[in-house]
Amino acid sequence: MNSSRSLTALLLCFAAIYIIWGTTFLGIALMLRTVPPFTGGAARFLLAGGLMYGWLRAREPHPFAGLHLPGTALCGVLLTGMGNGFLIWAQTDLPSGIAALFIGALPVSILLLDWLFFSHRAPRALAAAGVALGLAGIVVLSLHPVTGQMHPLHIVAVLAAEFAWGIGTLLQPRYAGPDRVINFTCLQMLFGALFQLLMAAVDREWIGFAPGQVSLLSVAALLYLAVPGSIVAFSCYAYLVAHVAAQKIATYALVNPLIALALGTLVLGEPITRASVISAALVLPGVALVLLQREGPRAGMPVSAT
């Protein structure tokens with residue numbers, strides 16, 4: 001690949017993770033209008049994982065050979081199962097822009113979890129300041145609901161989603177080598193989909209749910225989440241991981257919440273309150289400080305929980 005084509009590929013991949021992952025919060029909100037949360041999440045990843053498996057199967061006879069199945073299953077439950085499933089469930093109550101701010105603090109959570117439970121390396125001064133700012137922003141969001149109807153359980157759910165995704169991200173390098181990232185992503189999506197199906201049964205979502213009542217808008221949103229939001233964005237992310245420094249890739253964590261907040265306001269009419277502005281002013285600089293100080297292998301980078 002010549003340099004101009006390589007540069008074009010990199011720019012397109014950056015555009016994909018910036019824009020697509022920034023719009024998935026809106027996609028979730030539109031899907032939830034007529035599709036139950038865990039049912040929709042399971043359908044998304046069954047479709048995405050199935051299409052990815054078909055593509056992988058055409059290239060190699062045994063796509064999952066060499067993968068650590070228990071470890072991949074664990075990461076699938078944590079990442080696309082709990083990480084995405086609990087986020088979707090929380091968005092039945094939380095505005096999409098606010099959910100994006102919670103998830104935007106993911107690099108802060110990963111640094112904190114890595115320090116406490118994995119590498120035990122204390123963050124340096126600027127990164128520690130970033131963690132403090134990010135956590136302060138999350139506290140502001142948690143204690144000052146945007147609407148009077150936000151249930152504390154949904155705030156707990158989105159925080160649980162963030163921490164589950166963080167733990168799954170830190171575990172992933174143990175089970176997915178650089179040459180098997182796409183295969184690992186496909187299989188963990190399928191395991192995550194099975195977990196969400198189980199949660200749909202536990203939550204009794206199927207009682208009173210009629211597929212005929214699903215709107216075309218929700219179907220379109222689901223397809224968007226499955227194909228651009230999962231297959232395209234994850235593939236672009238994997239390409240960038242192989243070619244670009246980790247700090248540059250992780251800048252999506254600064255861009256996605258801004259896109260989600262703007263779309264939530266313009267398309268869904270979600271309010272931008274003083275609390276959300278203060279939280280953004282704390283979370284985004286905090287994430288920036290964490291990313292500036294970030295070191296270590298690329299495999300430990302966060303990917304989007306949406």
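Tutor: Helix axes here are lines fitted to C-alpha atoms over the stretch in contact, and angles run from 0 to 180 degrees between N-to-C directions. Helices are DSSP runs of H or I with at least four residues, numbered from the N terminus. The model is predicted, so local features need pLDDT of at least 70 and side-chain atom pairs count only at pLDDT 80 or more, while totals for chains, interfaces and linings use all residues. Residues are numbered from 1 along each chain as its sequence is written, and side-chain values use heavy atoms, leaving out hydrogens and water.

Let's look at α2. Helix α2 (residues 37-59) has the highest confidence in the chain, at a mean of 97, where pLDDT is the predictor's confidence in each residue, from 0 to 100. The chain averages 89, and the lowest mean, 70, belongs to helix α10 (residues 246-249).

One partner of α2 is helix α3 (residues 69-90): their axes come within 9 Å and cross at roughly 135°. That angle makes α2 oblique to α3; angles under 35 degrees count as roughly parallel, over 145 as roughly antiparallel, 65 to 115 as roughly perpendicular and the rest as oblique. On the α2 side, the contact (heavy atoms within 4.5 Å) involves Pro 37, Phe 38, Gly 41, Arg 44 and Phe 45. Facing them in α3 are Thr 80, Asn 84, Gly 85, Phe 86, Ile 88 and Trp 89. An α-helix has 3.6 residues a turn, so residues three or four places apart point the same way.

The crossing of α2 and α3 is right-handed. A crossing is right-handed if the near helix is turned clockwise from the far one by less than a right angle, and left-handed if anticlockwise.

Another partner is helix α8 (residues 181-202), which packs against α2 at an angle of about 155°, with the axes 8 Å apart. This makes α2 roughly antiparallel to α8, and α2 passes α8 in a left-handed crossing.

Methods
Helices (H or I, at least four residues) and strands (E, at least two) are DSSP runs, numbered from the N terminus.
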